[in-house]
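Visitor: I am new to this structure. Could you take me through it in short steps?

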Amino acid sequence: LLKRGEEEKKIRKVLEMVNQYKNILDIPMKMKEEMARGDFDRVVFKYKRMKIAMSSSTAPPLLIEKVKKEVQVIVDEVEKQLLTQLKEPSTDESGVRTKEIHLLVSF
């Protein structure tokens, strides 16, 4: 019974931490969702939001580093996709290339 009580305390502590830092932990998942939709504007927005959240966060450094690594993988993938789009010939004259370049520079 004592052992289960200790395990329960540990689990509650982890759940409290997850709830406390949920906004930071959700950023990579939300960025992946936006990337899957091809909404790179929102990915850049989430990336900037993550940078602000991390700078003022009281989260444990290990948690921050883990989230940063996940986000960097996503950013690298988005950059690859944007560069691929820039390399493809375009018949669109509406400034899509400018938007892609702006997004790349935003990271």
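Visitor: Which residue forms a salt bridge with Arg12?

Guide: This is a predicted model, where local features need pLDDT of at least 70, side-chain atom pairs count only at pLDDT 80 or more, and totals for chains, interfaces and linings use all residues. Residues are numbered from 1 along each chain as its sequence is written, and side-chain values use heavy atoms, with hydrogens and water left out. A salt bridge is a side-chain nitrogen of Lys or Arg within 4 Å of a carboxyl oxygen of Asp or Glu. For Arg12, the closest N and O atoms are 2.5 Å apart, and the partner is Glu8.

Visitor: Where do Arg12 and Glu8 lie?

Guide: Helices are DSSP runs (H or I, at least four residues), numbered from the N terminus. Arg12 and Glu8 are four residues apart, about one turn of the helix. Both lie in helix 1, residues 2–20.

Visitor: How many salt bridges does the count come to?

Guide: Side chains of opposite charge can pair when their charged atoms come close. Glu34 pairs with Arg37, with N and O 3.2 Å apart at the closest. Glu70 and Lys66 also meet in a salt bridge, at 3.4 Å from N to O. By this rule the count comes to three.

Visitor: Is Glu34 buried or exposed?

Guide: Buried means under 20% relative accessible area, exposed over 50%, and partly exposed in between, with a 1.4 Å probe and protein chains only. Arg37 has 58% relative accessibility, so Arg37 counts as exposed. Glu34 has a relative accessible area of 8%, so Glu34 is buried.

Visitor: Leaving aside neighbours within four places in sequence, which residues is Glu34 in contact with?

Guide: Contact means heavy atoms within 4.5 Å. Glu34 has its place in helix 3. With neighbours within four places in sequence left aside, its contacts are Asp39, Arg42, Val43 and Lys46.

Visitor: What span does helix 5 reach from its first C-alpha to its last?

Guide: The expected span of a helix is 1.5 Å times one less than its number of residues. Helix 5 runs over residues 61–87 and has 27 residues, for which 39 Å is expected. The reach from first C-alpha to last is close to that, at 38 Å.

Visitor: What separates the C-alpha atoms of Met54 and Ile24?

Guide: Met54 is in helix 4. At 9% relative accessibility, Met54 counts as buried. Not counting residues up to four places away in sequence, Met54 touches Ile24, Ile64, Val67 and Lys68. Met54 and Ile24 are 30 residues apart along the chain, yet their C-alpha atoms are separated by 7.7 Å.

Definitions and conventions. Helix = DSSP H or I, 4+ residues; strand = E, 2+ residues; numbered from the N terminus.
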